[in-house]
Structures are given as structure tokens and as C-alpha cells.
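Subject: The structure I promised

Hi,

Here is the structure we talked about, so please open it alongside this message.

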Amino acid sequence: MNPTKDLKWIIDQALLVAKKSNHEFITPEHLLLAFILSKSEYLLERAKSNLDVLAGCLNKYMNEEIPQVRGKVKPITTVGYEKILKGTEKISYEAGQEFSE
């Protein structure tokens with residue numbers, strides 16, 4: 001697996017989830033839901049996570065707490081989302097791996 005390719009897919013999927021839900025913001029919750037949908041979900045399963053319950057809770061939270069807008073949606077990233085990407089970039093750099101958004 002190419003970490004950069006997988007990470008790019010997760011970021012793109014998170015944006016797609018936010019757009020489809022007409023959410024005004026793209027948040028860490030969108031990233032977590034995209035991670036659950038990715039091939040990397042086995043990491044959460046190894047931690048004994050119930051992915052169906054987790055995904056359901058995330059969807060419920062996002063639908064109730066994240067503002068929705070009408071019309072063409074271009075979600076705005078939140079500070080939390082940006083911190084996760086910056087942290088990932090730092091970890092990738094320290095591990096000697098390429099990071100690209």
C-alpha cells in the first residue's frame with residue numbers, strides 16, 4: 001500500500017461525505033468516517049471497535065451538529081481538520097515518507 005495514495009483517498013472521501021451531506025464544514029469526524037470506509041479499517045477492528053455502531057454514531061452526530069447549507073456546497077475545513085493533516089504531515093516527514101494532500 002502507498003500511504004500517500006491511501007491518505008489521499010481518505011481525504012477525498014471525507015470531502016465527498018461532507019458535500020453529499022450538504023455540510024458547511026469538513027471536520028475530523030468526516031475524516032474518521034472516511035477512515036472507517038477505507039481499507040485501513042482493520043486497524044479499528046483490531047482495537048475491538050464496532051465499525052457499524054461507530055459509523056452510525058458519527059453520521060448521527062454530523063447530521064445533528066454540523067450546519068447544512070442549500071445549493072452547491074464547498075465545505076470549509078475546520079481547525080481540527082487542519083491540525084490532523086498537519087500532524088500527519090509531520091509524522092510522515094519524521095518517518096522519511098512523502099506526504100501530499
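A term to start with: a nonpolar core is a set of buried Ala, Val, Leu, Ile, Met, Phe, Trp, Tyr and Cys residues joined through side-chain atoms within 4.5 Å. Buried means under 20% relative accessible area, exposed means over 50%, and partly exposed is in between (1.4 Å probe, protein chains only).

Before the details, two notes. This is a predicted model, where local features need pLDDT of at least 70 and side-chain atom pairs count only at pLDDT 80 or more, while totals for chains, interfaces and linings use all residues. Residues are numbered from 1 along each chain as its sequence is written, and side-chain values use heavy atoms, with hydrogens and water left out.

**The inside**

The largest nonpolar core has 10 residues: Leu7, Ile10, Ile11, Ala14, Ala18, Ile26, Leu31, Ala34, Tyr81 and Leu85. At least two of its residues come from each of helix 1 (3-20), helix 2 (28-37) and helix 5 (79-94). Helix 1 gives the largest share, five residues. There is another core apart from this one, with nine residues, including Val17, Leu51, Met62 and Ile66. Across the protein, 31% of the 101 residues are buried.

**The overall build**

Helices (H or I, at least four residues) and strands (E, at least two) are DSSP runs, numbered from the N terminus. The protein has five helices and two strands, and along the sequence they follow the pattern α-β-α-α-α-β-α. Its radius of gyration is 14 Å, close to the 13 Å that the globule rule gives for 101 residues, so the protein is as compact as a globular protein of that length. (That radius is taken over C-alpha atoms, and the rule is 2.2 Å times the number of residues to the power 0.38.) The C-alpha trace spans about 40 × 30 × 20 Å along its principal axes.

Contact here means heavy atoms within 4.5 Å. Of the contacts between residues at least 6 apart in sequence, 67% join residues at least 24 apart.

**How confident is the model?**

pLDDT is the predictor's confidence in each residue, from 0 to 100. The mean is 84, with 92% of residues reaching 70 or more. Confidence is highest in strand 1 (residues 25-26), at 91, and lowest in helix 3 (residues 42-46), at a mean of 78.

**Salt bridges**

I count a salt bridge when a side-chain nitrogen of Lys or Arg is within 4 Å of a carboxyl oxygen of Asp or Glu. The structure holds four of them. One joins Glu64 and Lys60, at 3.0 Å from N to O; both residues are exposed and lie four residues apart in helix 4, about one turn of the helix.

Helix 5 has Glu89 and Lys86, three residues apart and so separated by about one helical turn; their closest N and O atoms are 4.0 Å apart. Glu89 is partly exposed at 33% relative accessibility, while Lys86 is exposed at 52%. Glu94 and Lys90 also pair, at 3.9 Å, and both are exposed.

Most residues other than glycine have a negative phi. Asn22, in the loop between helix 1 and strand 1, has a positive one near 60°, and this residue is partly exposed at 31% relative accessibility. Lys48 has a positive phi of about 65°. Lys48 lies in the loop between helix 3 and helix 4 (51-65) and is exposed, at 76% relative accessibility.

Cheers
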